[in-house]
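The following note comments on a single protein chain, point by point.

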Amino acid sequence: MKQIKIYILFTFFLTFTSLLFSQQRGNTRNSSQQQGQNSQMAQPKVNPQNMARIIMYDYEEVIKKLKIKKAPKQTVIAQAISKHNSKINELKTFNYETFDNVTSFLTKKRNEAKLSRDFSTMRESQMQANEMLAPIRKKVLLQKNALNTTFEKELSEKEYKKWLKYQEAELKKLNPKASQTQQSQSNIGSSSRRQQQGMNRRRY
């Protein structure tokens with residue numbers, strides 16, 4: 001009878017240990033898959049022109065958005081936007097080498113972060129890339145201000161407010177995944193911490 005009890009206890013212990021190991025292995029695999037998915041989500045395509053806040057406008061769309069009906073004012077808008085786009089094209093052409101350098105730099109740093117699974121260095125890399133683009137961003141800002149000055153002079157107060165709202169919305173489109181990237185990287189860190197805490201609890 002005693003041997004039967006010992007056998008039952010031993011069998012229960014083996015079954016419990018097997019289940020615990022299977023659960024741990026499953027959690028580890030799921031965590032690894034989740035980290036891989038988050039890493040991919042956290043890596044939007046490198047676009048230095050967007051980082052430099054470069055934007056070009058469609059004057060027909062602007063006229064439609066602002067509901068401009070009078071032909072003379074439509075002409076002013078078309079001419080101002082055409083001039084703005086021409087200046088921006090010049091900036092893009094003149095600075096193509098800087099854009100290529102930034103793309104290569106960030107792509108290299110992201111690949112290194114993927115291999116090491118350490119994305120903590122990406123913030124510093126992003127800052128370095130922004131420094132490389134700073135002179136271009138200043139020139140882009142000058143063109144933006146010049147366009148806004150023209151519109152402020154030629155449009156009514158209501159129309160100008162609509163323009164600023166439209167412009168802000170278009171600028172936000174340049175980096176739509178910024179918040180997603182920050183959230184994904186935060187999720188990676190949280191997942192890693194939870195996994196480590198779980199392992200520490202099992203040790204004790």
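1. Packing of H6. The buried residues of H6 pack against helix H2 (48-51), helix H4 (71-94), helix H5 (96-116) and helix H7 (157-172). They are Met122, Ser125, Ala129, Leu133, Ile136, Val140, Leu147, Asn148 and Phe151. Buried denotes under 20% relative accessible area, exposed over 50%, and partly exposed the range in between (1.4 Å probe, protein chains only). Helices (H or I, at least four residues) and strands (E, at least two) are DSSP runs, numbered from the N terminus.

2. Basis of the model. This is a predicted model, in which local features need pLDDT of at least 70 and side-chain atom pairs count only at pLDDT 80 or more, while totals for chains, interfaces and linings use all residues. Residues are numbered from 1 along each chain as its sequence is written, and side-chain values use heavy atoms, with hydrogens and water left out.

3. Confidence. The mean pLDDT (the predictor's confidence in each residue, from 0 to 100) is 78, and 64% of the residues reach 70 or more. Over residues 16-33 the pLDDT stays under 50, and the model has four contacts beyond four places in sequence for this stretch. Residues 179-186 also have pLDDT below 50, with six contacts beyond near neighbours in sequence. Contact means heavy atoms within 4.5 Å.

4. Overall fold. The protein has eight helices and zero strands. Of its 204 residues, 29% are buried. Among contacts with a separation of 6 or more, 77% are between residues 24 or more positions apart.

5. Bend in H6. Helix H6 (residues 122-154) bends by about 50 degrees at Ala134, and Pro135 follows within four residues. The bend at a residue is the angle between axes fitted to the seven residues ending there and the seven starting there.

6. Aromatic pairs. The structure holds four aromatic pairs. Rings of Phe, Tyr and Trp (its six-membered ring) pair if their centres lie within 6.5 Å; planes under 30 degrees apart count as stacked, over 60 as edge-to-face and the rest as tilted. Tyr57 and Trp163 form an edge-to-face pair, because their ring centres are 5.1 Å apart and their planes lie at 65 degrees. Tyr57 lies in the loop between H2 and helix H3 (59-66) and Trp163 in helix H7, so this pair ties together parts that are 106 residues apart in sequence. Tyr57 and Tyr166 make a tilted pair, at 6.4 Å centre to centre and 45 degrees between the planes. Tyr57, Phe151, Trp163 and Tyr166 form one aromatic cluster.

7. Nonpolar cores. A nonpolar core is a set of buried Ala, Val, Leu, Ile, Met, Phe, Trp, Tyr and Cys residues joined through side-chain atoms within 4.5 Å. The largest such core has 17 residues, of which Tyr57, Val62, Ile77, Phe151, Leu155 and Trp163 touch the most other members. H3, H4, H6 and H7 each supply at least two residues of this core, and H7 gives the most, with four residues. Apart from this core lies another, of 14 residues, among them Ile54, Phe105, Ala129 and Val140.

8. What does His84 touch, not counting residues up to four places away in sequence? The residues are Ile55, Tyr57, Gln143, Lys144 and Leu147. His84 lies in helix H4 and is buried, with a relative accessible area of 4%.
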